[in-house]
Amino acid sequence: MSRPRVVDSVDYKPFETKLPASRARAIPWATVMAGSLVTIIPVVATIPLLPPFGFVMLLAWRLLARFAFRPWAAAPLGFFDDLVSGQPLGSAVLMWSLAFVAIDMLEQRLAFRDYWQDWLIASGLIAACILGGRFIAVPVGAHVDTVLIAQIVVTMLCFPLAARIVAFIQNKRGGE
Amino acid sequence: MAPARDRRTGFSRRRQYSVFLGYVLAVAGAVVGLVLLVASTFNPPAFSALRMGVAGVTTPVSTGFAAVGSSISGIPGAIGNYFFVKQENVALRADRARTRALLMRARTIAYDNRRLRNLLAIRERSPEPVVTARLVSSSASSGRRYALLNAGRWSGVKPGMPVRGPDGLIGRVVETGPNAARVLLLSDGDSIVPVRRTRDGLPAIAAGRGDGMIDIRSVNATNVRFNAGDIFVTTGTGGIYGPGVPVARVTKAGSDSVMARTFADPDTLDFALVEKVFMPVPPPRPIAPQ
């Protein structure tokens, strides 16, 4: 059983950071890379149904914890995603960087947002990114579109989960 | 969420410049991505060393996960086997009795076949196996259909080698790392295999669709009728795949271009056999001095 917290004692340090700064900065990167590595699960899929979880994590960090990433962080993270995802190298670097720029532009118009608007923005970007990746990687005539719509929906539904993870970590690492 | 006014950087020049540089780098990232994309579109194997370096780390992890997963998912099957072993035994005995006659006939035919081939003195190339390995993971979030094999250059796997499963053709190796290889599955949109119908030897092309099925297209004749259940095997044309490897069975009747399902089911994570290139392209002849 944990000791009850005594608020009015010298133990109470409201401004103390909970994690060393370097680790607090590395955690968002680690979570996005772990999301990209979801492709190493031992399944040989015949249809592309697995959501690109790295991108969802990136969007959740960017929308819910504005300062977790520098504006340029999308490109190196996208590079890592390209190495493990099977897309042609450079597609995630391009799409993720453009997503960051798009969020920046949206943020100027839509200064006060709530969670539903965040989800809407994320959904739009997810759809754009997956469709963009499809046209980059697969010939236009390929029959992947029905599966792609399913993948987009599944990925959109992953956003709340990613938001939960981000909120949990943000609590632990003592927000910004 | 309240807006973050981080662009109002105050009077600190250092902070102003660092914020500005951050945005310059963000846009530069997109430009770099575009350049990389163009490079990898025009020269797909350009970054294979990097990709396969990462795959060399992830493949053992996937292999471990696969071992754990299969041992856990094997538990219900093992329990079922324990209780139903007797019925299964009876069924297997009956099956053996039924197929014995067929087996004897097949042996006779195989012997005859060998003898007649010798008589004809056909120069036969038999495909040579390189290594037996497992497919451990795949590009499940991408529209491309790649799988990772847990054997690579150290086991003698080279790009271009055909990969087959116990039931039929799986695909071919496109990139190799030291301990991993990337296999282009038959169902990928870029995969094309020359095939023929077993019934009458009708030549056709098996092209991947991207959604797990493949298209069978006729090559030299129009208005060709395909029936459901037609079986296609490789021809050996092109020199990569040896002849006679089962590829696909047509699912729905049609003409000229029909859907088919591959025999090899890559998602069972079964063993895959890497074979040598059936008939490699001979090296270019040195140009004689003028």
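Is B:Asp256 buried, exposed or partly exposed, and how many C-beta neighbours does B:Asp256 have inside 10 Å? B:Asp256 counts as partly exposed because 14 C-beta neighbours lie inside 10 Å. By definition, a residue is buried if 20 or more other C-beta atoms lie within 10 Å of its own, exposed if 12 or fewer, and partly exposed in between, with C-beta atoms placed from the backbone.

## Basis of the report

This is a predicted model, in which local features need pLDDT of at least 70 and side-chain atom pairs count only at pLDDT 80 or more, while totals for chains, interfaces and linings use all residues. Residues are numbered from 1 along each chain as its sequence is written, and chains are lettered from A and ligands numbered from 1 in the order in which they are written.

## Chain A

Chain A contains six helices and zero strands, giving the pattern α-α-α-α-α-α along the sequence. Helices (H or I, at least four residues) and strands (E, at least two) are DSSP runs, numbered from the N terminus. Chain A has 176 residues, of which 45% count as buried. Among its contacts between residues at least 6 apart in sequence, 71% join residues at least 24 apart; two residues are in contact if their C-beta atoms, placed from the backbone, lie within 7 Å.

The axes of helix 2 (residues 53-64) and helix 6 (residues 145-173) of chain A come within 8 Å and cross at roughly 55°. This angle makes helix 2 of chain A oblique to helix 6 of chain A. Angles under 35 degrees count as roughly parallel, over 145 as roughly antiparallel, 65 to 115 as roughly perpendicular and the rest as oblique. Axes are lines fitted to C-alpha atoms, for helices over the stretch in contact, and angles run from 0 to 180 degrees between N-to-C directions. Residues making the contact include A:Phe53 and A:Trp61 of helix 2 of chain A, and A:Cys158 and A:Phe159 of helix 6 of chain A.

## Chain B

Chain B has two helices and 14 strands, and 34% of its 290 residues count as buried. The radius of gyration of chain B is 26 Å, whereas a compact globule of 290 residues would have one near 19 Å. This radius is taken over C-alpha atoms, and the globule rule is 2.2 Å times the number of residues to the power 0.38. Along the principal axes, the C-alpha atoms of chain B fill a box of roughly 95 × 75 × 45 Å.

Six strands of chain B close into an antiparallel barrel in the order 6-7-8-13-11-10, with a twist that averages 40° from one strand to the next. Two strands pair if DSSP finds at least two bridges between them. Strand 6 (residues 192-197) and strand 7 (residues 203-208) of chain B pair in the antiparallel sense over five bridges, and B:Val193 stands opposite B:Ala206 in strand 7.

Strand 14 (residues 271-275) of chain B runs antiparallel to strand 1 (residues 129-138) of chain B, joined by five bridges; here B:Pro129 stands opposite B:Glu275. Two bridges also join strand 14 of chain B to strand 3 (residues 162-164) of chain B, again antiparallel, and B:Arg164 has B:Leu273 as its bridge partner.

## The loop at B:Asp256

B:Asp256 is found in the loop between strand 12 (254-255) and strand 13 (257-262) of chain B. Its phi is near 70°, a positive value in a residue other than glycine.

## Contact between the chains

The contact takes 49 residues from chain A and 49 residues from chain B. Helix 4 of chain A gives the most to the side of chain A that touches chain B, with seven residues.
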